[in-house]
Amino acid sequence: MLARIRHALAPLVFLTMLSIVLQADAQQTNPNAPVSPDASAVNEQTLLQEESRILGRIDIPDKRAGVLIQPAGREWDHFHEVTLRWLGAIVILGMIALLALAYVVLGKIRISAGRSGRKVLRFSGFERFSHWLTAVSFVVLGLTGLNITFGKLLLLPIVGPETFSAFSQISKYAHNFVSFSFVAGLVLIVALWVGDNIPKQVDIDWLKQGGGFIKSKHAPAGRFNAGEKMVFWFALGAGAAVIVSGLLLLFPFYFANIAGMQIAQVVHAIVAVLFIAVILAHIYIGTVGMEGAFEAMGTGEVDLHWAEEHHDLWLAEALAKERSAKPSGQPTPAPAK
Amino acid sequence: MARMKFLCDADRCINCNACVTACKNENEVPWGINRRRVVTINDGKPGERSVSMACMHCTDAPCAAVCPVSCIFPTEEGVVLHSKDLCIGCGYCFYACPFGAPQYPRIGNFGSRGKMDKCTYCAGGGGNEETGSAEEYKKYGANRLAQGKLPLCAEMCSTKSLLAGDGDIIAEIYKERVLKRGYGSGAWGWMTAYHEKIPV
């Protein structure tokens with residue numbers, strides 16, 4: 001009985017629904033209905049909720065101009081003016097404070113056995129050239145880079161706007177062009193030293209024994225100890241990051257849109273600040289932090305006792321090589337004239 | 001003093017680009033520099049809107065804040081000007097600008113940028129040049145504001161979509177329009193530029 005009623009009602013229900021749909025349709029196409037010109041109009045707020053930028057079509061060739069509004073510009077400004085400044089100040093000043101503390105507590109790490117007076121070649125002329133090419137480039141890039149973030153706070157009030165602008169203009173070009181010699185230096189360094197920087201078991205032991213920070217004992221190490229290896233791999237990673245992000249910035253909008261450019265700048269700045277801090281530590285240990293260390297990159301020759309204490313495994317290898325190279329004590333033949 | 005602003009009534013803009021042309025002509029802007037542009041959103045679709053955009057002369061202008069040589073500053077009337085003598089062409093103001101206003105002449109290979117150029121609200125430049133002088137005109141374009149005139153883009157907008165002038169007055173004009181016609185897609189960019197909406 002119920003089923004039969006349902007069957008009888010079904011077509012009726014269907015017809016009712018159909019009429020409603022048709023009515024609605026007629027209402028929409030009714031030319032006399034009031035027109036709402038902004039019924040489907042795009043709305044700034046809705047667009048910004050959907051995407052971070054409002055994009056449109058533009059008649060001029062400069063397609064970047066198709067970005068109508070990008071509120072992220074203000075966020076990037078905040079990063080550059082507030083976040084980056086604090087980060088940079090804390091990381092760099094923090095590292096300087098840490099190194100000063102290390103100097104006060106540890107003092108200069110002396111050669112325990114004193115100087116032997118015998119020299120061993122640690123870095124060849126070409127290795128030193130590669131190192132100093134990278135180092136000088138890094139210092140120029142670091143200072144000119146810091147000028148972009150901190151210059152107007154620290155330098156501008158002292159030298160005045162005209163001088164500061166002239167200096168910053170030169171800085172900008174120096175930063176742009178010296179970047180290439182930094183890339184060349186880094187490539188050379190990596191090619192020359194990657195083999196000696198592969199982590200080994202001895203590095204873990206070196207770390208376990210407290211590295212170079214415990215004065216009383218010297219952990220065994222190869223040509224590079226674990227600390228140096230960490231600096232090497234950090235320099236490679238951070239170097240790659242600043243090079244890639246730097247190239248994006250050097251060729252603006254060639255490979256990235258506005259969001260990409262902002263991200264490239266953020267990556268470039270953060271990595272560079274960390275890089276500067278790590279290199280400050282590297283400079284410290286290579287100069288005032290340790291007796292006999294600078295010579296390795298200065299003249300290329302280190303004292304035998306220094307090598308014994310800091311790179312015993314390498315020294316043994318180097319001496320063995322030296323002995324096998326000239327078994328009968330023959331001098332190397334002079335080049336033909 | 002009046003706080004100068006721009007307002008583009010997108011429901012009136014017909015994408016005729018007269019504002020772009022007027023700006024280029026009045027300021028004799030070099031090739032490749034577009035101080036003003038018209039962007040069409042949802043082009044060809046129902047509800048498309050065109051918006052004429054240039055420097056909005058923001059409140060707390062991010063370009064001025066980010067400039068590494070502090071060469072960008074707001075005037076007493078809220079017009080954001082800059083000094084081309086101090087600008088180093090680093091491009092940071094373009095990354096910070098929510099409206100893509102800063103422009104750079106290409107002066108060399110790759111991405112090397114010259115001194116930044118942007119809408120000056122037809123108020124001359126922020127350098128040391130004398131107001132209304134030929135030097136000022138050459139570097140920055142017209143100084144109509146000093147002559148008591150408003151920016152030419154807005155002055156010659158055929159549909160009076162683009163409004164320039166005292167922010168309170170142009171907001172009031174827009175409000176009246178919206179109330180009268182019963183709709184309005186809002187003052188584009190005002191929230192981002194001035195941290196305010198026009199309550200209708």
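Student: How many helices and strands does chain B have, and in what pattern are they arranged?
Tutor: The model is a predicted one. The secondary structure of chain B comprises seven helices and six strands. In sequence order these elements give β-α-β-β-α-β-β-α-α-α-β-α-α.

Student: What is the radius of gyration of chain B?
Tutor: For 200 residues the globule rule gives 16 Å, and the value for chain B is close to this, so the chain is as compact as a globular protein of that length. Its C-alpha atoms fill a box of roughly 50 × 40 × 30 Å along the principal axes. The radius of gyration of chain B is 17 Å.

Student: What percentage of the residues in chain B is buried?
Tutor: A residue counts as buried if 20 or more other C-beta atoms lie within 10 Å of its own. Of the 200 residues in chain B, the buried share is 52%.

Student: How many residues of chain A are in contact with chain B, and which classes do they fall into?
Tutor: On the side of chain B, 39 residues take part, and they meet 46 residues of chain A. Elements of chain A that each supply at least two residues include α3 (72–105) and α4 (125–154). By class, the side of chain A that touches chain B has 21 nonpolar, 14 polar and eleven charged residues.

Student: Which residue of β2(B) is the bridge partner of A:Arg57?
Tutor: Strand β2(A) runs antiparallel to β2 of chain B, residues 37–41, and two bridges join them. Within β2(B), the partner of A:Arg57 is B:Thr40.

Notes
Residues are numbered from 1 along each chain as its sequence is written. Chains are lettered from A and ligands numbered from 1 in the order in which they are written. This is a predicted model: local features need pLDDT of at least 70, side-chain atom pairs count only at pLDDT 80 or more; totals for chains, interfaces and linings use all residues. Helices (H or I, at least four residues) and strands (E, at least two) are DSSP runs, numbered from the N terminus. The radius of gyration is taken over C-alpha atoms; the globule rule is 2.2 Å times the number of residues to the power 0.38. A residue is buried if 20 or more other C-beta atoms lie within 10 Å of its own, exposed if 12 or fewer, and partly exposed in between; C-beta atoms are placed from the backbone. Two residues are in contact if their C-beta atoms, placed from the backbone, lie within 7 Å. Ala, Val, Leu, Ile, Met, Phe, Trp, Tyr, Cys and Pro count as nonpolar, Asp, Glu, Lys and Arg as charged, and the others, Gly among them, as polar. Two strands pair if DSSP finds at least two bridges between them.
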